[in-house]
Amino acid sequence: AEGAKAHPQLLEEFGGLYAGPQAAYVTRIGRTVAAQSGLAAAPSEFTISLLNSSVNNAFAIPGGYVYVTRQLMVLMNNEAELASVLGHEVGHIAARHSQKRNAKASRAGLGAILATVLGGVLLGDNGARLGQQLGSALAQRYVLSYSRAQEYEADDLGIRYLARSGYEPLAASTMLASLASQTALDARRDGRNDKALPEWASTHPDPASRVVRARQKASQMVPQGRQTNREAFLQMLDGIIYDDDPQQGIVEGRSFQHPGLRLAFTAPPGYVMSNGSKAVSINGAGGQAQFSAGPYQGDLDAYLGRVFRSVGGQTQLAYSAPRRTVVNGLPTSYAIARANTSSGPVDVTVFAYEFGPTQAYHLVAITRAGAAPFEGLFQSVRRLSAEEAGNIRPRRIAITTVKAGDTVASLATKMAYTDYQIERFRVLNGLAEAEGLRPGQKVKLVTFAASSK
């Protein structure tokens, strides 16, 4: 019952179900592996969902609900790796890790959970209550990190299910290796050393060390088979959306653009944006912010008040008198509230922008008192022109066959990015630093075309 209640909310939080043919493929593989757990009378009792999300994530909740994002699936290079991730998540269900963690979280209090999410500002419990808009309590309840012992237990169970299903058990270690490489590349691209939530690399800590352990466990198995189904898996990936879906808006470097809503803004240098189904988060050492929308009846000052009440929750935020201005032709109202937290005073700033008689958007920022790292962000919100909106296209995976003379460097130039092309290509295809290509080999590219077969 708990899982059934949370399921639709989690779908909404992570971009909804992916509508492509890959969804049925994921369900079939997930149920095949889950059947080895003995948790259900029939595999169909498991609900396996492919999420339309651009974060590397997979998780499970009680009741047999297992989730994997399309972004994480694209990082895989064969069906056995997909089975390993789904088996790992089934292992968490079998070991009742979610219930044990949720009981601990409930004792700690929701404020402590949100304080973890908002750790960049170190707001403490009181500050976390102020920041409920900056983190989904429901999502974090299920995707906050497990203990090391719980991760190892889920790894062991997942590898066991993998072997019983006839898959190559070493796939768990190769998947973890790709994940570790992607985590390192993401950190390098973002200019940081930490691991940002809610990516699977963070919620399932220390993937690099788990690679060795998973390989050792796999070597102890007597598998029913060693199938990987690489060719079928890659063919299934062809054409799937990669990174952000334009229907949910796209993050390109420090810029966010939403062609449907016809809006854009730019994050400050050194800050990282994360695009969600209902909001965009902007995180950095100097504070955190979120861009979102709310019901609007034509009064910006009233809109500001509702946002402050929503952010504060039970804490009554006393904010300054709203100030009116115009930002890039948009009528704007803003105000600041100061609140005391266990880490000292913080400023909660809300900027509201009118895009039409019945449409408004807002930015909420939480920073240390007196700091103003988001001034440029507040001033960057603007409308997109029809031409700009029309030029935004989704990136997609294209499966191509290596020809004689092709190299990592030559194929990497076809990647739809202006930075880290070779590194992205190697990580995407699970290639070691010095590993080359062979004619006839199938590889993944990220392009703006549906396919490059």
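Guide: Happy to! In helix α13 (residues 230–237), the residues Phe233, Leu234, Met236 and Leu237 are buried. Here buried means under 20% relative accessible area, exposed over 50%, and partly exposed in between, with a 1.4 Å probe and protein chains only. Helices (H or I, at least four residues) and strands (E, at least two) are DSSP runs, numbered from the N terminus.

Before going on, a word on the source: this is a predicted model, where local features need pLDDT of at least 70, side-chain atom pairs count only at pLDDT 80 or more, and totals for chains, interfaces and linings use all residues. Residues are numbered from 1 along each chain as its sequence is written, and side-chain values use heavy atoms, with hydrogens and water left out.

The buried residues of α13 pack against α2 (22–34), α3 (70–75), α4, β16 (395–401) and β17 (442–447). Just after α13, Gly239 takes a positive phi of about 95°.

Now look across to Met73. Leaving aside neighbours within four places in sequence, Met73 is in contact (heavy atoms within 4.5 Å) with Phe233, Met236 and Leu237, and its partners also include Ile240, Gln22, Val26, Leu50 and Leu82. Met73 and Phe425 have the most contacts inside the largest nonpolar core, which has 59 residues. Such a core is a set of buried Ala, Val, Leu, Ile, Met, Phe, Trp, Tyr and Cys residues joined through side-chain atoms within 4.5 Å. Helix α4 (residues 79–94) gives the largest share of this core, seven residues. Apart from it lies another core, of 22 residues, among them Met273, Phe291, Leu330 and Phe351.

Strand β3 (residues 65–69) runs antiparallel to β2, joined by four bridges; two strands pair if DSSP finds at least two bridges between them. Ile61 stands opposite Tyr65 in β3. Three residues lie between the strands of this hairpin, where Gly63 takes a positive phi near 95°.
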